[in-house]
Amino acid sequence: MARTKVLPVAKDTFATGQEKTSGKKRLGDANGNGDANGHTAKRPRIEERTDYSRWRMRDDESRHTWHYLEDDNEAKKWQQTLADKYFLGLPLDLPELEKPKSPLDAVKNGLTFFEKLQMPSGHWACEYGGPMFLLPGVVIAWYVTKTPIPWYKATEIKNYLFARAHPEDGGWGLHIEGESSVLGTALNYTVLRLVGVDADHPKMIKARATLHKLGGVTHAPHWTKFWLSVLGVLNWDIVNPVPPELWLLPDWVPIAPWRWWIHMRQVMLPMTYLWSKRWQAEETDVIRSLRKELLCEDWEKVNWFGHRNSICPKDNYHPKTWLLNSINWLLVNVWNPYIRPNFLVERAEAWVSELLDMEDQNTDYADLAPVNAAMNLVCCYVRDGPGSYSVRRHLERAEEFLWVKDEGLLCNGTNGVQCWDTAFAIQAVMDAGLTEDPRWRDMLMKALKYLDTQQIRENVKDPGKCYRQQRKGAWAFSNKDQGYAVSDCVSEALKSVIILQKTPGFPTLIDDQRIYDAIDTLLTYQSPSGGCASYEPPRAGTWLEMLNAAEVFGNIMVEYDYPECTTAVVTALSLFSKHWPDYRAQEIKEFKARCVKWVKSIQKPHGGWYGSWAICFTYATMFALESLASIDEIYENSSHSKRGCDFLISKQREDGGWSESYKACETGEYIEHPTGSQVVMTAWALIGLMKAKYPHVEPIKKGIKLIMDRQQPNGEWLQEAIEGVFNKSCMISYPNYKFTFTIKALGMFAKRYPNETVV
């Protein structure tokens, strides 16, 4: 692309966060905050850095919120925990542990460190960042609802985005390891301006130049154009139509929204409401300046309609189909100007409003994830007003998405990973044979009590009306407040509960009926293919991807069957049937048989399985081999298990490790990570091999040695490359995997090869 001139911008914002006022107070509050149009959200001041010794993370029964203590007395009363310091990257001053002589010693060192990160309520917390479109939604929602942004949040938002700017071109991508794109650069540049960074800051000039080289914000994907239209930087005419009338379609219609994937449903719901209202924030100096900064042409001369389908190739992972383009053309040129009746619009907006309320009430305003939560907040502000309960409660719950680390303040992908990580922590101890060791009893007891409190005990109100899946007896990915059951989250939590409650010395906190409730819900996840999906069985065919309007994601319109989810359900059902052999025995037997048949059918020619929730073939192949082992299919007697093991062995590196890049998720082909072997992927491969009883110990021993060599003297492992993925193109962090899976692999080796010497 040819070099593009960067348009000059107004110097309207200084590092202090104060706008120029020519010596006059602006109309706004009594202190002159706001601007001439009465926007009363105070612009935060910006500092170089906050005092990290003043940050605290509160665990309120699994609800995480970060607090900055400016008062010295308060800071003395509420001391930082070791977990706080770890999350913030502060010195831990922990003593060096005795150098491990065996894998079991390394397990114990790892648990000694990991135990210190356990939260008071019994779970393990962590960052769940990576996507670079999450924080912009929250910050834009704050700004348009005139919510003050404290200086310490503004400062650490600035620090995080500066730290995550591309080292060469200064832009931002879809996720932290991605190439710069219009979506990432436009949205995060906007965030920096909203929190008070000067447009003439060197990093902003560099980022703006990259944005203009990519075509400017007129070439952004749909979600970016939506948010910047809400902000008032763009005109709504640039946004392809998302009419709320879609929600009035009868359920039998093949494209009715209830058939869409749950995340797509919950994002499109508020999006249709705001698009229909064409609501925009009050104009401010910053908004007016952003119109100049983000565009490559004069704002007044932009052909908004003409740029509806303009998109930078780097953002166009899933190009719009001819069918979607045709529908959009009809909506823009026929339906909207000539047919769309007011009575139908009002009816549609009212129904969407009711569905929004049901989502908020079912989650106590935590909502499914930060994308729809930020949009729901704006909808409530538009509908209910700034002082309403719905707005105030949304703002309170939004705090649970935020996370502070050594780089600054980011937005997590959900309100946490609590139940998911806690289940894997328990299983790691079990696989090491340490569940009866008194040394770890208190830690495991706290974890069991946590899963007890987090089991979902009832279905949502009117599940058919709000299109929700059965969930009684289930566990969510994060916590019970969020309340969305996921098949593999239910499975892993259930396995962990059974493991501990069947271990001598542990109480039965979750009785048989509650266990049965979990099984009853698990048995609803199977699709006609035999596989299991994530949140609910698929409600439409993959042909619906022809209507994928997001552009930056693949496989987003409908639910899919996943090998990770299917295999997790198989292992959970296998463990359950060992202890409760008579409960729904025939149904479970047939269910598992269909699952295994499906898992075998999707094995790739090279022997691996494609993973959709972590990177990539290594992750899914581990789960597939584990599920086959749970029905006694292993390397010796199963061609599928043998091919899976041979695939993993073929990818082992010279140093004994495994290294798979996120690019594998995008391309569907195994690609090594350029930084070399990763401890997490090495652990995944080793777990799969050992579950399958791979007969040759030497390759396994080499991998175990790499994990042991990477362990630090205090027992921890350092963060390496990103681990997770969703929708094929967006990566997300699972930092606790470097503890749970490494400990699991080491423990399994110690149990299976007690006489093998590694170091």
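**A predicted chain and its cavities**

The protein chain averages a pLDDT of 92, with 94% of the residues scoring at least 70. This is a predicted model, in which local features need pLDDT of at least 70 and side-chain atom pairs count only at pLDDT 80 or more, while totals for chains, interfaces and linings use all residues. Residues are numbered from 1 along each chain as its sequence is written, and side-chain values use heavy atoms, leaving out hydrogens and water.

Next come the cavities. A cavity is a set of points, on a 1 Å grid over the protein atoms alone, where a 1.4 Å probe fits but cannot get out; lining residues have an atom within 4 Å of a point. Grid points are joined across faces, edges and corners, and a volume is the space filled by probe spheres set on the points. The count is 12 cavities of 30 Å³ or more.

The largest cavity has a volume of about 520 Å³. Its lining has 36 residues, and Tyr-128, His-263, Tyr-535, Trp-613 and Phe-726 lie nearest its centre. Helix H9 gives the most to this lining, with 3 residues; helices (H or I, at least four residues) are DSSP runs, numbered from the N terminus.

The second largest cavity has a volume of about 90 Å³. Helix H12 supplies the largest share of its lining, 4 residues. Arg-265, Glu-359 and Arg-468 are among the residues that line the second largest cavity.

Terms used:
pLDDT is the predictor's confidence in each residue, from 0 to 100. On a 1 Å grid over the protein atoms alone, a cavity is a set of points where a 1.4 Å probe fits but cannot get out, and a pocket is an open set with protein on both sides within 12 Å along at least five of seven lines; lining residues have an atom within 4 Å of a point. Helices (H or I, at least four residues) and strands (E, at least two) are DSSP runs, numbered from the N terminus.
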